[in-house]
Amino acid sequence: CQDKMSPTELSTSINIKEPRWDQGTFVGRAKHFFTVTDPRNILLSNEQLEKARQIILDYKKGVVTPGLTEDELWRAKYVFDSAFHPDTGEKMLLIGRMSAQVPMNMTITGCMMTFYRTTPAVLFWQWINQSFNAIVNYTNRSGDAPITVNQLGTAYVSATTGAVATALGLNALAKHVSPLIGRFVPFAAVAAANCINIPLMRQRELKHGIPVTDENDNRLGESSKAAQQAITQVVVSRILMASPGMAIPPFLMNSLEKKAFLKRFPWMSAPIQVGLVGFCLVFATPLCCALFPQKSSMAVSRLEPELQEKIRACRPGVETVYFNKGL
């Protein structure tokens, strides 16, 4: 007679440290970030987050939760990654998580673009946007280096000032040009603020460097050159992330506002704007995160001379170093 087959246990050799899809290709990265930025993840309860965390921590120790399938393992990994910081392991602030990006950004951006004509409205919405940005940058900082309240404050005040100054300056200029151009002022303000906010929020990394490793995750030292590359890539992808949502709706709104419907219901313009921005962001957020690999790399020859010497002395075969670029 035949033995009863025991259900096959999941192998413990699946590498859940890496994303499920090949990060060497744009499509693989896009699939990864569509999963990471999925807004449905913010609706998960603490219980569900804890369960995913337990599955992942057990799996890393080689313990497989009974009856777990490969799909469930990957689902747990992405739930875990959506809520816990990759370097420190602590639970992240809800509105700073990547899954909150689309709902938060769509509301703030929609309002920035609806209420852009008066100075108080510009001040208020640019300030709200920079406060949100500061939370996101702090929540998704790279490395396990603590950031001081002073540095946080400086970055936050400078970015808000920069954004408001850009917006008000351009608003003053835009009064002399077509109303359509005026609608692009919030976008220019956001772009300028990103260029100030991200490097300032991450100035500690620029000063002291971020951890660089070989391909097997062995830490080789800290590099400021790697931090410069990481931060530049983040600034570029953040500005591009904001562009569809801030560049497409103005054209549509400009023609819609001339139609009878919005003249009869002017209060509808904010919800329509928010909806349009949201639609753009659902696609722009993951696609722009996917522009550069999350695990960024750099040739040893482009690092600081003293770090190059250290690596050549201790690890002569290493030609490329890797680092987490942050988001």
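Rings of Phe, Tyr and Trp (for Trp, its six-membered ring) pair if their centres lie within 6.5 Å, and planes under 30 degrees apart count as stacked, over 60 as edge-to-face and the rest as tilted. The views below come from a predicted model, in which local features need pLDDT of at least 70, side-chain atom pairs count only at pLDDT 80 or more, and totals for chains, interfaces and linings use all residues. Residues are numbered from 1 along each chain as its sequence is written, and side-chain values use heavy atoms, with hydrogens and water left out.

**View A. F124 and W125 make an edge-to-face pair.** A search of the whole structure finds nine aromatic pairs. In the pair shown here, the ring centres of F124 and W125 are 5.1 Å apart and the planes meet at 80 degrees, so the contact is edge-to-face.

**View B. F279 and F283 pair within helix α12.** Here the ring centres are 5.5 Å apart and the planes stand at 70 degrees, so F279 and F283 are edge-to-face. Both sit in α12 (residues 269-289), four residues apart, about one turn of the helix. Helices (H or I, at least four residues) and strands (E, at least two) are DSSP runs, numbered from the N terminus. F279 counts as exposed at 57% relative accessibility, and F283 is partly exposed at 40%.

**View C. Two spans carry a "transmembrane region" annotation in UniProt.** The unreviewed entry lists residues 235-252 and 272-292; positions are given in the numbering used here, feature names are shortened, and annotations may be inferred rather than shown by experiment. Residues 235-252 are 100% helix and 0% strand, with end C-alpha atoms 27 Å apart. Residues 272-292 are 86% helix and 0% strand, and their end C-alpha atoms lie 32 Å apart.

**View D. The largest pocket has a volume of about 1,300 Å³.** Of its 39 lining residues, K17, P86, D87, Q294 and N324 are the closest to the centre. A pocket is an open set of points on a 1 Å grid over the protein atoms alone, where a 1.4 Å probe fits, with protein on both sides within 12 Å along at least five of seven lines; lining residues have an atom within 4 Å of a point. Two or more residues come from each of α1 (26-36), α2 (46-60), α3 (70-83), β1 (210-213) and β4 (320-324), and α3 gives the largest share, four residues. The lining divides into 15 nonpolar, 13 polar and eleven charged residues.

**View E. The second largest pocket holds about 220 Å³ of space.** Its lining includes L44, Q48, K51, A52 and I55, along with L68, E72, R75, A76 and V79.

**View F. The structure holds zero disulfides.** A disulfide is a pair of cysteine sulfur atoms within 2.5 Å. C280 is in no disulfide either, and the nearest cysteine sulfur, that of C288, is 11 Å away. C195 is partly exposed at 44% relative accessibility, whereas C280 is buried at 11%.

Note on methods: Points joined across faces, edges and corners; volume = space filled by probe spheres on them. Nonpolar A, V, L, I, M, F, W, Y, C, P; charged D, E, K, R; others polar. Buried < 20%, exposed > 50% of the residue type's maximum accessible area, 1.4 Å probe, protein only.
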